[in-house]
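The sequence and structure are shown first.

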Amino acid sequence: MAAAIGYPETVSDGVRSFVFAVDGVEVKAEESDATLTLSCVLTGDESALPRLAGYAAGRMLKENATLSWDSGAILWQEADAHAGDRALARFFEDFMNSCDWWLARIDAEAAQGTSPDDIMMIRP
């Protein structure tokens, strides 16, 4: 993954877990069997989860990243660990775009102090 995205730090061969720092965002990459999982902690604020969950249904139509909760709101996505460099670079880029979208929503709501009652959403 590191070579595919042109990451400036060297990642030793055989490392099965690594945290990439890209544009101030930490993305954890873990390889298990033939699967590569990228994950990013969005926020540890449990009160943000209902608002974030309201966005999740619509985002599932646009992206393959999944929102979940584990001591914080986490965005994660899986890919074939043995995909070629081009596919892995695209996978990482798409995941980072998803992270940017989610983090922008969190930042905007924090700046505005938006409450869940102030947001109009279409829910499934």
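## Core packing and aromatic contacts

Apart from residues up to four places away in sequence, Leu42 touches Leu67, Ala73, Leu75, Cys99, Trp102, Leu103 and Ile106. The model in which these contacts occur is predicted. In soluble globular proteins, nonpolar side chains tend to be buried together.

The protein has three helices and five strands, and from the N terminus on its elements follow the order α-β-β-β-α-β-β-α. Of the 124 residues in the protein, 37% are buried. Among contacts with a separation of 6 or more, 57% are accounted for by residues 24 or more positions apart.

### Aromatic pairs

A pair of aromatic rings is described by the distance of the centres and the angle of the planes. With a cut-off of 6.5 Å between ring centres, the count comes to seven aromatic pairs. Two of them are set out below.

| Pair | Centre to centre | Angle between planes | Geometry |
|---|---|---|---|
| Tyr7 and Phe20 | 4.8 Å | 90 degrees | edge-to-face |
| Tyr55 and Trp101 | 5.6 Å | 90 degrees | edge-to-face |

Tyr7 and Phe20 form an edge-to-face pair, with 4.8 Å between the centres. Tyr7 lies in the loop between helix H1 (2–5) and strand E1 (17–22), whereas Phe20 lies in strand E1, so the pair ties together parts that are 13 residues apart in sequence. Both Tyr7 and Phe20 are buried. Tyr55 and Trp101 likewise form an edge-to-face pair, with 5.6 Å between the centres. Because Tyr55 belongs to helix H2 (residues 49–62) and Trp101 to helix H3 (residues 85–112), this pair ties together parts that are 46 residues apart in sequence. Beyond the pairs, Tyr7, Phe18, Phe20 and Phe92 form one aromatic cluster.

### Charges over Trp101 and the setting of Arg59

Trp101 is partly exposed, with a relative accessible area of 24%. Arg59 lies over the face of Trp101, at 3.9 Å from the ring centre. The charged end of Arg105 also sits over the Trp101 ring, 4.5 Å from its centre.

Is Arg59 buried or exposed? The limit for a buried residue is a relative accessible area under 20%; Arg59 has 12% relative accessibility and therefore counts as buried. Arg59 lies in helix H2. Leaving aside neighbours within four places in sequence, Arg59 is in contact with Trp101 and Trp102. The C-alpha atoms of Arg59 and Ser98 are 8.9 Å apart in space, while the two residues are 39 residues apart in sequence.

Gln77 has its place in strand E5 and is buried, with a relative accessible area of 8%. Not counting residues up to four places away in sequence, Gln77 touches Leu36, Thr37, Leu38, Asn64, Ala65, Phe91 and Phe95.

Arg16 lies in the loop between H1 and E1. At 45% relative accessibility, Arg16 counts as partly exposed. Apart from neighbours within four places in sequence, Arg16 is in contact with Ala29, Glu30, Glu31, Ser32 and Asp33. For Arg16 and Ser32, which are 16 residues apart along the chain, the C-alpha atoms are separated by 7.3 Å.

### The largest pocket

How much space lies in the largest pocket? The computed value is about 310 Å³. The lining of the largest pocket consists of 17 residues, and Met1, Ala2, Val11, Val15 and Glu31 lie nearest its centre. E1 and E2 are the elements that give two or more residues to this lining. Glu31, one of the residues nearest the pocket centre, is also among the contacts of Arg16.

Notes:
Residues numbered from 1 in each chain as written. Predicted model: local features only at pLDDT ≥ 70, side-chain atom pairs only at ≥ 80, totals over all residues. Heavy atoms only, no water. Phe/Tyr/Trp six-rings, centres within 6.5 Å; stacked < 30°, edge-to-face > 60°. Helix = DSSP H or I, 4+ residues; strand = E, 2+ residues; numbered from the N terminus. Buried < 20%, exposed > 50% of the residue type's maximum accessible area, 1.4 Å probe, protein only. Lys NZ or Arg CZ within 6 Å of the ring centre and 35° of its normal. Contact = heavy atoms within 4.5 Å. 1 Å grid on protein atoms, 1.4 Å probe; cavity = no way out; pocket = protein on both sides within 12 Å on 5 of 7 lines; lining within 4 Å. Points joined across faces, edges and corners; volume = space filled by probe spheres on them.
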